[in-house]
Each structure stands twice: as structure tokens, then as C-alpha cells.
Amino acid sequence: MAIAERTAETTWEGSLAKGGGTLSGSTGAFTGLPVSWDARTVRPDGVTSPEELAAAAHSSCFVMALALRLGEHKAKAERLTVAATVTLDEVDGVPTIVSSALRVQGKVPELDAAGFQTAVDEAAELCPVSRLFAGAEISVEAELVKD
């Protein structure tokens, strides 16, 4: 049996260049998010894109994996921040998500920089969204914050 299943649905009207759609999740956490090709490739103007949603998935998944690994090291984060930048580029003439760059910052009093980096490296191996992006370049830059 699966650990979790979630569904999202997008409805689209019109051509790729001039059309648009809305995206909703089955949980109700987000409904009617607008999406468009122009917002994806030219200017967002408050409209989301698959890359932004993939970045949200990657950052939230990674922070959960890191919190788990920190707990296994008997450390508790006062604060963790994970920012993900997902890049869409052309590969062999086809738009392709080529990378996800993670920037991790944590305030974890029980750890030094080496211990924090160890937990970050372990989280990188654990995060299911990182494994989903297995064909893309994934980089992780980590910073331990001290007072």
C-alpha cells in the first residue's frame, strides 16, 4: 500500500501561446491557481508554473527529510529554510527541466557545520522528490547559522 497519494488537476482552454488554465489540488489546499505558457517562460505576473510547483515540492520534501535526519542525530532545528530553484531549458530542441538547486539554511544549536552538512547530505539521499528528479542536476548549498 502506498504511503501517500495526492491528485492535482489542470483545466486548459485555448492554444499554448494564448490559452491558459487553472490548477487545483484534491485536498483543497490550493484551488484555481492560474497557469499559462507566457507566465512560465516570459513573465509570471502572479501566475504559477510547473517549475514553481516542482520547486515547492522539492523544497518542502527536502526540509522534511532534513528534519528527520536531524532528529536521528539527536538534534532539533530552531529553524530550517530550504529554497529550490528549478530550471527549464532546451535540450536537443525540447523543453526540459534540467536542474533543481537547493539552498539550505539551518539554525541547529546541537550541531557544528560538519554535523549539519552530514545531515544535509543524508537528506539529499532520502528526499523522494530528489529521486524523482534523478535525471536532472541537483545541487545543495548548505549553511549552518549560529548566533
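1. Domain bounds here come from an automatic or database domain assignment. For the protein chain, that assignment gives domain 1 (8–42) and domain 2 (50–144). The centres of domain 1 and domain 2, taken over C-alpha atoms, are separated by 26 Å.

2. The model is predicted: local features need pLDDT of at least 70, side-chain atom pairs count only at pLDDT 80 or more, and totals for chains, interfaces and linings use all residues. Residues are numbered from 1 along each chain as its sequence is written, and side-chain values use heavy atoms, with hydrogens and water left out.

3. An open sheet is formed by three strands in the order E4-E5-E6, with mixed pairing. E4 and strand E6 (137–144) are at the edges with a single partner strand each, so one side of each has no neighbour in the sheet. From one strand to the next the twist averages 15 degrees. Strands (E, at least two residues) and helices (H or I, at least four) are DSSP runs numbered from the N terminus; two strands pair if DSSP finds at least two bridges between them.

4. Strand E4 (residues 79–91) and strand E5 (residues 94–107) run antiparallel and are joined by 13 bridges. Val86 has Ser100 in E5 as its bridge partner. The two strands form a hairpin with two residues between them, and Asp92 in the turn has a positive phi of about 55 degrees.

5. E5 and E6 run parallel, joined by eight bridges. Here Arg103 has Glu141 in E6 as its bridge partner.

6. Helix H2 (residues 50–72) packs on the sheet and touches E4, E5 and E6, its direction making about 140 degrees with that of E4. Helix H3 (residues 113–126) lies across E4, E5 and E6 and runs at about 150 degrees to E6. Contact means heavy atoms within 4.5 Å; axes are lines fitted to C-alpha atoms, for helices over the stretch in contact, with angles from 0 to 180 degrees between N-to-C directions.

7. The largest pocket holds about 250 Å³ of space. A pocket is an open set of points on a 1 Å grid over the protein atoms alone, where a 1.4 Å probe fits, with protein on both sides within 12 Å along at least five of seven lines; lining residues have an atom within 4 Å of a point. Volume is the space filled by probe spheres set on the points, which are joined across faces, edges and corners.

8. The lining of the largest pocket includes Arg6, Gly25, Phe30 and Leu53. Domain 1 (8–42) and domain 2 (50–144) each supply at least three residues to this lining, and H2 gives the most, with three residues.
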